[in-house]
Amino acid sequence: MRLSKTITHITGGGSDGWELFVKARKMIAEGHKVTELTIGEHDIKTDTRILEAMHAAALGGATGYAMVPGIDALRDAVATRLTTRTGVPTALENVLITAGGQAALFAAFRAALDEGDTALFIDPYYATYPGTIRSVGGVPKAVQASADNGFQPTFEALDAAARGAKALLINSPNNPTGAVYSRDTLEMIATVAKAHDLIVISDEVYDTQVWEGEHISIRALDGMAERTFVVGSMSKSHAMTGSRVGWLVGPEGAMEHVLNLLTNTNYGVAGFTQQAALFALGLGEGFEEEIAAPFKRRRALVQKALEGQNLVRLSPPSGAMYVVLDIRATGLSGDAFADKLLMERHIAVMPGESFGQAGAGHIRVAMTIPDAPFEAALKEIVDFTAGLV
Ligand code: PLP
C-alpha cells in the first residue's frame, strides 16, 4: 500500500517515549507486582450517578446520530462554564463538542496549519503534541522551558522560535511538570503571539486541578479571544476519560470551518455520553473539587516524603496530577533511572525524556494510586536513589 508521508511520519521516526510503560505492562502481564505511576488516569472510576444518567439517556433514545456540533444543551453548558470561569463572554456558537480533548487538539491544528507550517509547543510537553502537529502536515518545533524557571517559557526563547511560525500550543496547568503559568508568563506569550501573528491553542484540560496560584485562560487577555482556540475535556475534571467528551472553543467565524472538519471526520459524539457530560457538569464545582482532592493530598505526601534529603528534588507542582522529580544528582538519565527503578524495585514511572529534552534527568510520577501505597512508593524511590550515589 502506498501510504502518505504524513501518516507514516506521525511519530517523526524516533521513539514514542512509551517504552518503559510498555515494559511495565508486560511485566504485569507476566505476573510481576509493579507499582504503576505512569499514566494520567484517576484511581477511581466514573461516578455512578453519571453512569446512571448515561444509561437513562441511552434508554431514552439518545442512541441515534447526535447533532454534529454537539447537543445544544451541552454546548450551552460549556459556554456558560467558560464565561463564568474565564470572564470571556462565550456563546454556544463558540463551542464544538469533540471526542475528548485529543480530538479538539487535532481539529485546532487542522484549522491553524497548512502543509509545512510550523507549530510551536513548550518542552516538556504532553506526548501527543508533535504527532498531532505532524498528522495535519505541520512541522513541530519545541521551545525549551527549564526547571530553573519553574518550567515556564521565557520571552527570549519564545520570540526567537516564533519567527515564521503559524501557531503556538500552550498547556497550563501543565502535563508533565504541573506548572501553572503566571499572569506575567501569559501576558508575555500573548505579546509574542500578537507580534508574530500566531494562532494560540490553549490546552486547559487540567483547569480544575490547581493547587497554587490561579488558572488564567490566555483567551481572557486583551486581544486574544480572536486568535485563541481553547481545548477542554471532561476526562480529568470529572474522571470520564473513557467517555471521550471534550470541546474546542474559538471565534465563531473559525468554528464554522471546524464544524466542516467534524462533519467529515467523527460525525459527532455519542448522544448518551454528551447527556452524561451535561449531567456531570450540573454536579457543580463541589464535585470537581472532590475529583481533584486526591492529587492535592498526594502532592503534600510527596513533599513530606522528600523532606530531609536533597538527592531527589521536587519542582513543586502548582497543578495537575503529576510531580516531576529531578534525579540529576545520580548522574543517570531519566530513561536509565526509570529502567533501573522498574527492574530493581518494580516501580514504574515515566522518564522525563519521554516529554522532551527539557525533561532530561527527571522522572514524572503520576499521583494516581491510593495514598498509602503512593507514600510507600515515594519512600522507596528516595531509598533507591540514596543507594545510587
Ligand atoms: N492534553 C493533555 C495535557 C493531556 O494530559 C491529555 C491526556 O492525558 C489530553 C490533552 C487529552 O485528554 P482527553 O483526550 O482524554 O480529553
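**Helix contact and aromatic pairs**

Guide: In this predicted model, Phe155, Leu158, Asp159 and Ala162 of helix 7 make contact with Met188, Ile189 and Val192 of helix 8.

Visitor: Is helix 7 roughly parallel or roughly antiparallel to helix 8?

Guide: The axes of helix 7 (residues 155-162) and helix 8 (residues 183-195) come within 10 Å and cross at roughly 20°. Angles under 35 degrees count as roughly parallel. Helix 7 is therefore, relative to helix 8, roughly parallel.

Visitor: Are the rings of tyrosine 126 and tyrosine 129 stacked or edge-to-face?

Guide: Their centres lie 5.7 Å apart and their planes are at 85°. Planes over 60 degrees apart count as edge-to-face. The pair of tyrosine 126 and tyrosine 129 is therefore edge-to-face.

Visitor: Which parts of the chain does the pair of tyrosine 206 and tyrosine 322 link, and how many residues apart are they?

Guide: This aromatic pair is edge-to-face, 5.9 Å centre to centre with 80° between the planes. Tyrosine 206 lies in the loop between strand 6 (199-203) and strand 7 (228-233), and tyrosine 322 in strand 10 (residues 322-326). These are distant parts of the chain, and the separation is 116 residues.

Visitor: Is tyrosine 322 buried or exposed?

Guide: Buried means under 20% relative accessible area. Tyrosine 322 has 1% relative accessibility, so tyrosine 322 counts as buried.

Methods:
Residues are numbered from 1 along each chain as its sequence is written. This is a predicted model: local features need pLDDT of at least 70, side-chain atom pairs count only at pLDDT 80 or more; totals for chains, interfaces and linings use all residues. Side-chain values use heavy atoms; hydrogens and water are left out. Rings of Phe, Tyr and Trp (its six-membered ring) pair if their centres lie within 6.5 Å; planes under 30 degrees apart count as stacked, over 60 as edge-to-face and the rest as tilted. Helices (H or I, at least four residues) and strands (E, at least two) are DSSP runs, numbered from the N terminus. Buried means under 20% relative accessible area, exposed over 50%, partly exposed in between (1.4 Å probe, protein chains only). Axes are lines fitted to C-alpha atoms, for helices over the stretch in contact, and angles run from 0 to 180 degrees between N-to-C directions. Angles under 35 degrees count as roughly parallel, over 145 as roughly antiparallel, 65 to 115 as roughly perpendicular and the rest as oblique. Contact means heavy atoms within 4.5 Å.
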